[in-house]
Amino acid sequence: MFLTEQLLDTIRQRAATLDKDNAYFTQDLQDLKEAGYLRAFVPKEFGGFGLSLDEMVYEQMALAGAAPATALAINMHQVWIGVARSVYSSGDNSMNFVFEEAVADEVFAFGVSEAGNDLVMFGSNSVATPCDDGGYAFTGTKIFTSNSPGWTRLGTFGAHCAQNGETLNVWGFLERSTPGITIKDDWDTLGMRASQSCTTVLDGAVARPDRIVRKLPSGASSDPFIFGIFAHFEVLLAAVYTGIARRALDVAVETVHKRMSKATGKPYAQDPAIRWRIADAAMELDTVFPLMRMAALDVDAGVDRGDLWFPQLSNVKSKATETALSVVEKAVRVSGGSSYFNRSELSRLYRDVLAGLFHPSDDESVHGAWAQALLGPQD
Ligand SMILES: Cc1cc2nc3c(=O)[nH]c(=O)nc-3n(C[C@H](O)[C@H](O)[C@H](O)COP(=O)(O)OP(=O)(O)OC[C@H]3O[C@@H](n4cnc5c(N)ncnc54)[C@H](O)[C@@H]3O)c2cc1C
């Protein structure tokens with residue numbers, strides 16, 4: 001593993017206080033930078049460590065098991081590197097700057113979500129206005145921008161109505177120092193508190209011409225850039241939530257060995273019902289690993305699974321997040337009332353794991369994608 005047990009332990013020890021104080025993971029970021037984690041996924045020829053997506057899945061699971069919010073926020077950085085890898089492996093060098101900047105310890109964030117926009121990345125309420133030099137000025141409000149205090153590069157998009165009337169989705173990268181970017185201090189949530197996923201207001205924030213990476217017709221697209229977002233976002237997000245579930249199960253196993261039954265005089269680990277529930281949670285979790293791993297290996301190998309690829313990637317995320325929620329709930333049940341106290345790690349994991357439901361692809365859209373693939377468009 002790239003992330004050492006010692007570093008993960010250090011990060012784990014901070015997580016409870018960051019959550020309690022609703023504080024950003026400043027020190028975690030510094031430690032991860034020093035460990036070279038921001039460049040772990042960058043290909044070796046660009047000065048990175050060249051980990052594969054399959055390997056990153058295990059790293060992100062481990063990081064999430066230590067500090068879910070830190071892992072979720074850093075995930076956005078790793079997703080952009082993944083997108084640059086997809087674009088690069090299609091023979092297009094236009095996103096190589098992501099590798100170069102990640103190696104220089106720039107921190108990438110994901111400024112995509114907008115309030116009430118269920119088109120997600122296929123349509124935007126934000127506006128991208130062309131500048132004379134080929135750059136674009138972005139205006140709009142992006143919600144839930146994880147890593148708000150720490151990002152230095154923001155990948156974002158907005159709509160531009162071209163002269164022929166066609167609407168283009170313009171994707172570009174903004175630098176933190178660019179005028180026209182305001183970050184609201186508005187992150188006060190049930191879980192994932194240290195991610196500090198605040199609202200970002202863009203008011204004519206300009207991305208230079210060489211940072212405009214795509215102008216795509218609105219709607220679904222099989223462009224390697226879109227595939228790259230989809231594939232890396234869904235698989236790495238699955239890794240984060242699976243890491244949370246795995247940690248919850250470990251905590252539950254530890255707890256039931258200590259929790260004593262007055263009725264039997266034995267630890268709950270000897271209670272058949274508790275044993276069954278722990279086994280049930282583990283069996284559920286066990287079904288996610290192969291799904292996630294096969295997807296990661298196929299993305300690494302450039303396998304094209306055809307029409308079902310996008311729905312299958314959505315399903316990896318959906319199954320992982322739904323399973324994680326169920327596993328954490330079972331971990332809470334077997335651990336008893338102690339897990340209801342805010343001081344309990346399980347209580348925090350229970351709040352954190354809930355966030356998995358909201359990320360795309362949510363349960364409704366993944367079912368929609370499968371129905372469309374199997375039955376064709378709905379009238
Ligand atoms: C912990 C966490 C971290 C995330 N990190 C990122 C990230 O880094 N980058 C990113 O792009 N996305 C991120 N997301 C966003 C996520 O992927 C979803 O887009 C987000 O949860 C919105 O989901 P939704 O469609 O269910 O919410 P919505 O229903 O769209 O609600 C989201 C917000 O918009 C408001 N809203 C809804 N409809 C309207 C409307 N018509 N007019 C005005 N306001 C409205 C709601 O009141 C709410 O405050 C993150 C989400 C979570 C939970």
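This is a predicted model: local features need pLDDT of at least 70, side-chain atom pairs count only at pLDDT 80 or more; totals for chains, interfaces and linings use all residues.
Most peptide bonds are trans, and most residues other than glycine have a negative phi. Asp105, although not a glycine, has a positive phi of about 65°, and its place is the loop between helix H5 (96-103) and strand E1. Gln196, likewise a residue other than glycine, has a positive phi near 45° and belongs to the loop between strand E6 (181-183) and strand E7 (198-207). As to their surroundings, Asp105 counts as partly exposed because it has 14 C-beta neighbours inside 10 Å, whereas Gln196 counts as buried because it has 25 C-beta neighbours inside 10 Å.

At the level of the whole chain, the secondary structure comprises eleven helices and eight strands. The C-alpha atoms occupy a box of roughly 80 × 50 × 40 Å when this is taken along the principal axes. The radius of gyration of the protein chain is 21 Å, which agrees with the value near 21 Å that a compact globule of 379 residues would have. Buried residues account for 48% of the 379 residues. Of the contacts between residues at least 6 apart in sequence, 75% join residues that are at least 24 apart.

The largest nonpolar core contains 112 residues, and those with the most contacts inside it are Val235, Ile244, Ala245, Ala248, Met292, Val328 and Ala331. Helix H6 (residues 224-258) contributes the largest share of this core, namely 21 residues. When residues up to four places away in sequence are left out of the count, Ala248 touches Val327, Val328, Ala331, Leu346 and Leu349; among these partners, Val328 and Ala331 are themselves listed with the residues that have the most contacts inside the core.

Apart from residues up to four places away in sequence, Leu8 touches Leu3, Ala62, Leu63 and Ala66. The C-alpha atoms of Leu8 and Ala64 are 9.4 Å apart in space, although the two residues are separated by 56 residues in sequence.

The ligand is surrounded by 20 residues, of which Ser113, Ala115, Gly116, Phe144 and Ser146 are the closest. Helix H4 (68-89), strand E1 (108-111) and strand E3 (136-145) are the elements that give two or more residues to this shell, and the largest share, three residues, comes from E3. By residue class, the shell divides into eleven nonpolar, eight polar and one charged. Domain 2 (108-217) and domain 3 (224-375) both supply residues to the shell, and the ligand therefore lies between them.

Conventions:
Residues are numbered from 1 along each chain as its sequence is written. A nonpolar core is a set of buried Ala, Val, Leu, Ile, Met, Phe, Trp, Tyr and Cys residues joined through C-beta atoms within 7 Å. A residue is buried if 20 or more other C-beta atoms lie within 10 Å of its own, exposed if 12 or fewer, and partly exposed in between; C-beta atoms are placed from the backbone. Helices (H or I, at least four residues) and strands (E, at least two) are DSSP runs, numbered from the N terminus. Two residues are in contact if their C-beta atoms, placed from the backbone, lie within 7 Å. The radius of gyration is taken over C-alpha atoms; the globule rule is 2.2 Å times the number of residues to the power 0.38. A residue is near a molecule or strand if its C-beta atom, placed from the backbone, lies within 6 Å of it. Ala, Val, Leu, Ile, Met, Phe, Trp, Tyr, Cys and Pro count as nonpolar, Asp, Glu, Lys and Arg as charged, and the others, Gly among them, as polar. Domain bounds come from an automatic or database domain assignment.
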